[in-house]
Amino acid sequence: MPGEYAENLTRTLITVAQARKLVLDAIRPLPSELVEIDAALGRVLACDVRAADDVPPFPCSAMDGYAIVAGDVGRLLAVVGESRAGAPAGRELRDGEAIRISTGAAMPAGATAVIPQENVKLRDSSIETAAAVAVGQNVRGPGEDMRSQTTVLEAGGRLGAVELGAAVAAGLGALSAARMPRVTVLCTGDELRAPGAPLGPGEIHNSNAPMLTGLAANAGALTAPAQRLPDDRAATEAGISAALESSDVVVISGGVSVGPHDHVKPALAALGVGEVFWSVALQPGKPTWFGTRSEDKLVFGLPGNPVSTVVTFSLFVAPALAALQGTRTARTLESEAELGVEVRRDPGREQALRVRLRRGDGRTVATPNGAQGSHILTSLLGADALAMIPPGQGTLPAGTAVALEPLAS
Ligand code: AMP
Ligand code: MG
């Protein structure tokens, strides 16, 4: 289609920042639901978590030893009972007495300190203190970890293993979490074969399928198995239509350029998915397409080259999935790095280089992770981030500060 190709050459490309803003402006965060702790790993918290009570809930021992009234060395104290974890002594302690106590066990009423067992000498049914102990020594106060009603976890945070532990300690059995976005990945291309299948002439393996479903799952999505669509107008439309019914987000790889076998755009138009943008001033990843249907269906058309697919997923789809779940932007990556080598600029497009980061002396140095062609999938292996090279003439010398973007993984 020469006419359409010409249009593609002349149309003004939007910047990466403009494209991302258009994506984020289209997001309606998903509603929350109550999730049992056992099923909440990786989910995004929708409400703050407050401690229901003090943690620890009662004064308890920090050591294995004897609960006593604080005092000097050389006292003889009668051992009158035991307080074990989960089984308090059930008896008050008086001066001149000791109660054997385990770590975490409740302090008996009347006791003001714990003397560790290595600091006592056993004398029949008594102990002799071999060290002085001050009031409160080796005793954990209630609320030392969490004070009743204080906020322990904030809404928008992703629930990792320690967050779940903290929520349980805080007294919760279930958490309010954003509903997981349902994502379907569709890979277009007659040339694509299943993993491990022998290849005929002109065929390649469908490497985008596990990458896109994996990236979506790691971004918190509920993923359906990726489907392959042939380069056929009717099959493309039928596949996208089914995916739209079952998903919040449809991610399509390939078929979104302007070749005669690229059927994605007309199929989307026929299905009532409105185009928000197509073509970004980005290298790799120019023919990226984004559109919506009825505000609650998002569709991304990503260019099929594996590197373009991962780069555009990182820059547009990952932030969308985060925003759908109401994730706080917990950016662990520094926002800038120095180029480790000279880089040629692209006159019209921002480049997203796959880089390795080297940190030291308070600096972060970014070096390209091998050849940067959009078909060089191995440039993603071991890459730490994307270094964004602004468009322009000539080269950027080594040492130039450039912005970093997280590379989805
Ligand atoms: P397209 O965007 O459909 O024009 O595809 C661009 C290039 O990416 C072509 O070389 C395709 O063979 C390749 N490609 C498309 N889809 C995939 C995929 N799922 N896995 C690996 N390579 C792909
Ligand atoms: Mg194709």
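Trainee: What radius of gyration does the chain have, against a compact globule of 409 residues?

Mentor: The chain has 31 Å. A compact globule of that length would come in near 22 Å. Keep in mind that this is a predicted model.

Trainee: And what box do the C-alpha atoms fill?

Mentor: Roughly 100 × 50 × 45 Å, along the principal axes.

Trainee: How many helices and strands are there?

Mentor: There are 7 helices and 29 strands.

Trainee: What share of the residues is buried?

Mentor: Buried residues make up 44% of the 409. The chain exposes about 18900 Å². Carbon and sulfur atoms supply 54% of that area.

Trainee: Switching to ligand 1. Which residues come nearest?

Mentor: Glu-191, Asn-206, Gly-255, Gly-304 and Asn-305, out of 16 around ligand 1.

Trainee: What does Glu-191 do there, in terms of distance?

Mentor: A polar side-chain atom of Glu-191 sits 2.6 Å from a ligand oxygen. The side chain of Asn-206 places an N or O atom 2.7 Å from a ligand nitrogen. Gly-255 uses a backbone N or O atom, 2.9 Å from an oxygen of ligand 1.

Trainee: How much of ligand 1 does the protein bury?

Mentor: The protein buries 77% of the 480 Å² that ligand 1 exposes when taken alone.

Trainee: Which classes make up the shell?

Mentor: The shell has 10 polar, 5 nonpolar and 1 charged residues.

Trainee: Which strands supply at least two shell residues each?

Mentor: Strand E13 (182-188) and strand E15 (204-205).

Notes. Residues numbered from 1 in each chain as written. Chains lettered and ligands numbered in written order. Predicted model: local features only at pLDDT ≥ 70, side-chain atom pairs only at ≥ 80, totals over all residues. Heavy atoms only, no water. Near = heavy atom within 4 Å. Polar contact = N/O pair within 3.5 Å; in protein donor to acceptor, adjacent residues only side chain to side chain. Areas by Shrake-Rupley, 256 points an atom, 1.4 Å probe, with all protein chains shown as cover. Helix = DSSP H or I, 4+ residues; strand = E, 2+ residues; numbered from the N terminus. Nonpolar A, V, L, I, M, F, W, Y, C, P; charged D, E, K, R; others polar. Rg over C-alpha atoms; globule rule 2.2 N^0.38 Å. Buried < 20%, exposed > 50% of the residue type's maximum accessible area, 1.4 Å probe, protein only.
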